[in-house]
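Visitor: I would like to learn how the words used for a protein model are tied to the numbers behind them. Could you take me through it?

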Amino acid sequence: MHVHASQQLALLLIILFPLAGAVVNGLFGRRLPKSLVGFVGVGSVTVSFILAVTAFAELFALRGEGVHKAALTYHFYEWFSLTLPTGAEVPINVRFLMDSLSGVMTLIVTGVGGLIHLYSVGYMSDDDGYPRFFSYLNLFMASMLILVLGSSLPVMFVGWEGVGLCSYLLIGYWYENRDYAAAGRKAFVANRVGDFGVLIAMFILVGVVGSFEFADINAAAVGGHFRPDFPVWPFGVVPSIATVACLFLFLGCTGKSAQIPLYVWLPDAMAGPTPVSALIHAATMVTAGVYLCCRLSPLFITSDVAMSVIAVIGTLTALLAATIAVTQREMKRILAYSTVSQLGFMFAAVGVGYFAAGFFHVFTHAFFKACLFLGAGSVMHAVHAHGDADIFKLGGLRKQLPTTRWTFLVSCLAIAGVPLTSGFFSKDEILLGATAQIFRPDDVLMVRVGWFTLIGLTLAAVMTAFYMFRLYFLTFTGEYRSAGESSEGHGYDPHPHESPASMKVPLIFLGLGAIFAGYLGMPHIAPLVGWHLPSWWGGWMEASVAGHALPESMNVINIASGLAFAAMAIGIGSAWVLYRNKSEDVLAEKVPARLYALVLDKWRVDELYDAVLIRPIKQVATLVGRADLTFVDALLTRLPSFNARELGRFVSGLQNGVVQTYGMVLVIGVVSVMAMFWTPRAHVEGALEGDTLQLVAAPGLGYQYRWDADSDGEFESSWSTNRIYAPTYGPEDVREVVLYVRSRRTGAARHYSLTDQWTVLHFDRLDPGWRRIPSFLPIAARLHGGKVLLRLNGARVFGQTDSPEVVELHMGRGTGIENLLMVPRAKVQATVEVRNAFGNVSTASREMTLPDGYLPELHARLLPATKGVPR
Amino acid sequence: MTGPGAALFVVTALFAVVGALITVAARRPLRAAMGLLVHIVSLAGMFLTLNAHLLAALQLLVYAGAIVVLFVFVIMLIGPEAETGPIEGRLVSRSTAAALTVAVFLAVATSVASFDAVWASVDADFGTVEGLGRAIYRNALVPFELISITLLVAIVGAIGIARSRTE
Amino acid sequence: MEISAYLALSSVLFGIGAVGFLTRRNMLIQLMSIEVMLNSVNVLLLAFNRAYPSNHDGQAFAFFVIAVAAAEAAVGLAIVIAYYRLRKTIETDRATLLKH
């Protein structure tokens, strides 16, 4: 239960400040001085951070008072509401919620974001699009905060789309470069594929739960509302609705958080400016997927299948990206694959059910990965590298860039998992979760997933340590390899210089975070010694995140810590041996060249997608385009225009100025009109005027009518211009007797032709209830002796208790049988003959069932005599 | 109606058709004008069978006396160029025009042939100067005056159009 | 004589006039064809008025037709003269200036 302490306006203001900054910089930035643009950009996020801290402090105080599920909310307004097919009204509220999960995420976003804004002031100072950049960046902050603070799926989705948009805008920030613009498009398209999954999941969830609020969905998941099976059974598997919804959600996460199969956009996203890579594509946006999984953790944990899929995909992503990172040559590219790999770690943690551990890695990763990216940016700034920096052209920068070097080293230690840094604690926690799965006695699937995850993640951890220190050694140790280049050519600046203070301060803060952030989430039991340590993180997250309990067994803890430590040691050690003070890629000489080339080429995944997906789609598009060209353009555009042109030519030929031609056209018109009126149009309708049945014929110029009301071939009236005729019918005029039956219950009606034989009346289609009541045998009707007889077969006349065998029905009068109303009615045929001024004649006739209200006493006598059906 | 009325109708109808055919088919305009004269005079005779005495007189006065004379004057004014060849225009359009027109009047003829109104007896002053004059002056005074204006405008217009502009 | 005879005669005359108007190129003869058509209508008007003699509407109408025919002939012939002055011909298929 959320505590609605008061309307927390701060939650709204946290979002509004960056939004206002974006609006100011976006609309007026070009006219404002550069310093003011930077002030607005950084200031708005700083205010936002301060507000976030105060809100968080209030939340913290609430927790201190012992409120278990403490949360701050701000209900802004009701956006709109929709009606489900069940008739339930689902309001969609713009409401913001800060609980323990979103509170931490808000702090990360505003804190790290603020530092990166500050860094950008220095980094982007030379760029022409300075205001545009800060406008986008602030817009991103606002969107990300909406994503984090939104209390329901639609509001979160607004932020989700908003960050996607900003990501696209910022990747393609230097849109003059075609490759960069293409990278932005790629990111956008990959994200759209994922967004589709989120939308589908949203619809499934609202269909099951009847609400978009996270709290309601989670409560429903805990309350077991997701038991029903999904109505589709692909491949004989019967997934639960929870599984389907979770898999679709995870599809969205693979897009946003760069997991297999949609990870391919993230490495290309490094085309954007480095602060963007640090903020969006390392620290915040790409972790939105993990955040979403944690947000809905009670839902995810109900589906073992979905959890296994997430764990396996996370592990595979971690491994694949790590192998690629080992071989890459550019700083930001290595860091990008490292990010993909670390995101894989997070999802693996989520997949084995340790959401808090996964989110803890989000937290620590935000610090050291942002620091690494900003360090890379600092290096690039120093050597004037545009876009990305080739580490084989760098080296020995520890002398020129001391601050950058130290913060970079600290972050490398953290990501590699050196003990007592933040990365050690978070990675240890993840491996602990995977190890705990192995020891679950009850579940074969989980045990297998646990083994796979543990082995995969350990290998990935080895490679993480290796490639990070490869990057570090090649960049900062040895000799500077571009010293001899002239600054005019394509090489780097021969005289690197340390970055300005606005870039160094964020580096230092983030470096400190990389070391110390981990102490919030120390393991609850220390390995080897078995001390119980205070783990603030686990207790804090418990309030809003579900998950398995952490294992207590010393075996498990020692195995996990040992593996983490060994991975770190092996990775750093081999990097030390291979790359310290080296200048060429030693690894390339030690592994088979073709394998190395394949990995360097990113396993050719992009090419695979190109061949399997993109090219077929393009071919279809080309085909459709041709069809458009040949069908739509030719058949639907050129043909009509050709027709119009030729018709115009023909008609304008008639306009020849010769009076005779005009006269001729006039005569043609006269002849046409005459041809149209040559024969009269005959049509007859029956109409009830009061108690009188009238036959009405269609009117026409100069028409005369004569009538044969019973269609016996003898006309009762002579020619007259009166087109309305009121006949009287007698028994001899009746052609057929029809029994009309209407169900009172369903409203459906049918009619049956009666003869002097018994006709069985089937009511199945009329009222499905008849078939289900076995006592109601088929009812039959016939004409007999001038009467309409109905054999009841056990059915009762409406309002009577006994059931006579046969009842008589009266013409034109209703009789209720059970819930059916039966009316026998007479059918006649009327004919009219029409003559026009040319003397031409045509006839029309119409069968009519005499209406219920047609002179009841007369109608009652209309039953044909004993012969049954006449004529 | 039989007797002298019927005989008069037959004769005048014959002459009217022949005159019309001459008008339409004559190669020379003057001959066509003479055909028109025959046509008009015979129609004036036919009007007598329809108790339209005043109109018969007017037919002779206006048509035969004024319009045909006007035609003849113009033919004289224009001279030999008033004559164009008898085979005029394209055969296709001519035959189409003829066929269509025949279709029209056949249609009309069949429709009127089945029309079976009978002659009613008429008052003594029906169609006389007195009767028609009373009808026009009582019921159609405004159109009558408008017709006089129309004729005036036509006269002025004709003079304006036909006046030579060279001088 | 039946009224239908008058009506048939009227349609025959009208047809002759129409054919003349449509097939002849001589302006004078076309004008005469128009007169024939107008006359055929007069026959129709008078015949119907004779069949329904309660008023003089048909005859009055024929009276007006004659007056209008006179005006039409005057103006039409004036145009023929003006055209002849201009083109030295009275063939209608040369009179196609309005086409452009």
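Guide: Let us start with strand E10 (residues 779-784) and strand E11 (residues 787-791) of chain A, which run antiparallel and are joined by five bridges.

Visitor: What makes E10 and E11 of chain A a pair?

Guide: Two strands pair if DSSP finds at least two bridges between them. E10(A) and E11(A) have five bridges, so by that rule they pair. Strands themselves are DSSP runs (E, at least two residues), while helices are H or I runs of at least four residues, and both are numbered from the N terminus. Across this pair, A:His784 stands opposite A:Lys787 in E11(A).

Please keep in mind that this is a predicted model: local features need pLDDT of at least 70, side-chain atom pairs count only at pLDDT 80 or more, and totals for chains, interfaces and linings use all residues. Residues are numbered from 1 along each chain as its sequence is written, and chains are lettered from A and ligands numbered from 1 in the order in which they are written.

Visitor: Which strands form the open sheet that holds E10 and E11 of chain A?

Guide: Four strands form that sheet, in the order E9-E10-E11-E12 of chain A, with antiparallel pairing.

Visitor: Why are E9 and E12 of chain A said to stand at the edges?

Guide: Strand E9 (759-761) and strand E12 (806-809) each have a single partner strand, so one side of each has no neighbour in the sheet. On average, neighbouring strands of this sheet are turned by 30° against each other, direction ignored.

Visitor: Where else does chain A have an open sheet?

Guide: Three strands of chain A form one in the order E3-E4-E6, again with antiparallel pairing. Here the edge strands are E3 (684-689) and E6, each pairing on one side only. Six bridges join E3(A) to strand E4 (residues 692-697), and A:Glu689 stands opposite A:Thr692 in E4(A).

Visitor: How do you know that E1 and E2 of chain A pair?

Guide: Count the bridges again: ten of them join strand E1 (residues 72-83) to strand E2 (residues 89-98), and the two run antiparallel. A:Glu78 stands opposite A:Asn93 in E2(A). The hairpin of E1(A) and E2(A) has five residues between the strands, and there A:Gly87 takes a positive phi near 95°.

Visitor: Why is A:Arg723 called partly exposed?

Guide: A residue is buried if 20 or more other C-beta atoms, placed from the backbone, lie within 10 Å of its own, exposed if 12 or fewer, and partly exposed in between. A:Arg723 has 18 such neighbours, so it counts as partly exposed. A:Arg723 is found in the loop between strand E5 (704-708) and strand E6 (724-725) of chain A.

Visitor: What makes A:Val696 a contact of A:Arg723?

Guide: Two residues are in contact if their C-beta atoms lie within 7 Å. Beyond its neighbours within four places in sequence, A:Arg723 is in contact with A:Val696, A:Ala697, A:Pro699 and A:Tyr705.

Visitor: How many residues of chain C are in contact with chain B?

Guide: There are 64, in contact with 74 residues of chain B. H3(C) gives the largest share of that side of chain C, 22 residues.

Definitions and conventions
Axes fitted to C-alpha atoms, helices over the stretch in contact; angles between N-to-C directions.
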